[in-house]
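The sequence and structure come first.

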Amino acid sequence: MSELVEIVDSLENKISKLLHKLEVLQKTNSSLEGQLQVARDRFEHTNQAISEWEEKYKSLKLANSMLGSNTSKTEAKLKINTLIRELDHCIAQLAE
């Protein structure tokens, strides 16, 4: 009978340790999920900032070419031609 009590006590002790480990791991997991969400938010914010700066760069590059910069006059001409074609297409759709 004594052996049975020892086995039950041992099992209770092991279960208690396992439950404690589970609780610690759940807290750690929750903390890591929070850190991951913060990192994802930062990543998204950085991507948005990059996109905004790329658009600003394109606009500035186009403006410089329109002001007479020799580096990309052909680029400006192509962009203007594209815009004119888009306008013509819109006008044609409105006329229908």
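Of the 96 residues of the protein chain, 3% count as buried (buried is under 20% relative accessible area, exposed over 50% and partly exposed in between, with a 1.4 Å probe and protein chains only). The model is predicted, so local features need pLDDT of at least 70 and side-chain atom pairs count only at pLDDT 80 or more, while totals for chains, interfaces and linings use all residues. Residues are numbered from 1 along each chain as its sequence is written, and side-chain values use heavy atoms, with hydrogens and water left out.

**Overall form**
- The radius of gyration of the protein chain is 33 Å, whereas a compact globule of 96 residues would have one near 12 Å (taken over C-alpha atoms; the globule rule is 2.2 Å times the number of residues to the power 0.38).
- Along the principal axes, the C-alpha atoms of the protein chain fill a box of roughly 100 × 40 × 15 Å.

**Helices**
- The protein chain has two helices and zero strands (DSSP runs numbered from the N terminus, with helices being H or I of at least four residues and strands E of at least two).
- Ser30 lies in helix 1 and is partly exposed, at a relative accessible area of 46%.
- From Ser30 to Ile50 the separation is 20 residues in sequence and 30 Å in space, C-alpha to C-alpha.

**Charged contacts**
- The whole structure holds one salt bridge (a side-chain nitrogen of Lys or Arg within 4 Å of a carboxyl oxygen of Asp or Glu).
- Lys27 forms a salt bridge with Glu23, with the closest N and O atoms 3.5 Å apart.
- Lys27 and Glu23 are four residues apart in helix 1 (residues 2-66), and therefore about one helical turn separates them.
- Lys27 is exposed at 55% relative accessibility, and Glu23 is partly exposed at 43%.
- The charged end of Lys56 sits over the ring of Trp53, 4.6 Å from its centre (NZ of Lys or CZ of Arg within 6 Å of the ring centre and within 35 degrees of the ring normal).

**Nonpolar surface**
- Ile7, Leu11, Ile15, Leu19 and Leu22 form a nonpolar surface patch with about 480 Å² of accessible area together (patch residues have over 30% relative accessible area and no salt bridge; like charges are joined within 9 Å, and nonpolar side chains, namely Val, Leu, Ile, Met, Phe, Trp and Tyr, within 5 Å).
- Ile15 is in helix 1 and is partly exposed, with a relative accessible area of 49%.

Note on methods: Areas by Shrake-Rupley, 256 points an atom, 1.4 Å probe, with all protein chains shown as cover.
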